[in-house]
Amino acid sequence: MKNNSYPADLIKNVQLKDGTEMILRPIQPMDGDQAEVFRGKLSTQSIYARFLGYIPSTSQKLIDRLTNIDYAKEMAIVAEAQNKNENEKEVIAIGRIAGEQDLGADFAIIIADDWQGRGLGSILTEYMIEIAIDMKFSKIYASVFSTNTRMLEILRQKGFTIRKDDYTTYYAELILPVGDK
């Protein structure tokens, strides 16, 4: 049974190292309306790095799966920035954890190409670690292509143990503190 109670307490204002302000907030079903716009901000390389393979199109079924989540078992946080041309916010990144508390949670982020290299990956990773601890996951882990050096460096800085998984990927794992929170 899904927990559809929106976790508004996870909405957070952050500032990038260049001073740009943005909002981090849990994803919600209405974010599916922006899926194609967000996809248009991603290069083939970014999509490939996030999904460990190319996804030629985004089906409505996939959009629904990624935006209509059970907040008790998984979390997806979107990063929104003020759109320069319009008086509205635009989704520029998404961080996600999903799994089972005893087994840990799979972790991934994707950032619009124009926003990469500005510190958002580090901020989003740190926030997803905090959320995973609050959700009482035992660990978080990610598979990362060896060519995704920025992400591997962020994971190293955040304390992940990283090992070669196969010829093209690394497995990164962070054991989380367990206890009452």
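The structure here is a predicted model, so local features need pLDDT of at least 70 and side-chain atom pairs count only at pLDDT 80 or more, while totals for chains, interfaces and linings use all residues. Residues are numbered from 1 along each chain as its sequence is written, and side-chain values use heavy atoms, leaving out hydrogens and water.

On confidence, pLDDT being the predictor's confidence in each residue from 0 to 100, the protein chain averages 84, and 83% of the residues score at least 70. Helices (H or I, at least four residues) and strands (E, at least two) are DSSP runs numbered from the N terminus.

Now for the rings. Those of Phe, Tyr and Trp (its six-membered ring) pair if their centres lie within 6.5 Å, with planes under 30 degrees apart called stacked, over 60 edge-to-face and the rest tilted. That rule gives three aromatic pairs. One of them, Tyr141 with Tyr171, is stacked, at 6.1 Å centre to centre and 25° between the planes. Tyr141 sits in strand E6 (residues 139–145) and Tyr171 in strand E8 (residues 169–175), so the pair ties together parts 30 residues apart in sequence. Tyr141 is partly exposed at 23% relative accessible area, whereas Tyr171 is buried at 17%.

Most residues other than glycine have a negative phi. Lys136, not a glycine, has a positive phi of about 65°. Lys136 lies in the loop between helix H4 (120–134) and E6, and is partly exposed, with a relative accessible area of 43%.

Notes: Buried means under 20% relative accessible area, exposed over 50%, partly exposed in between (1.4 Å probe, protein chains only).
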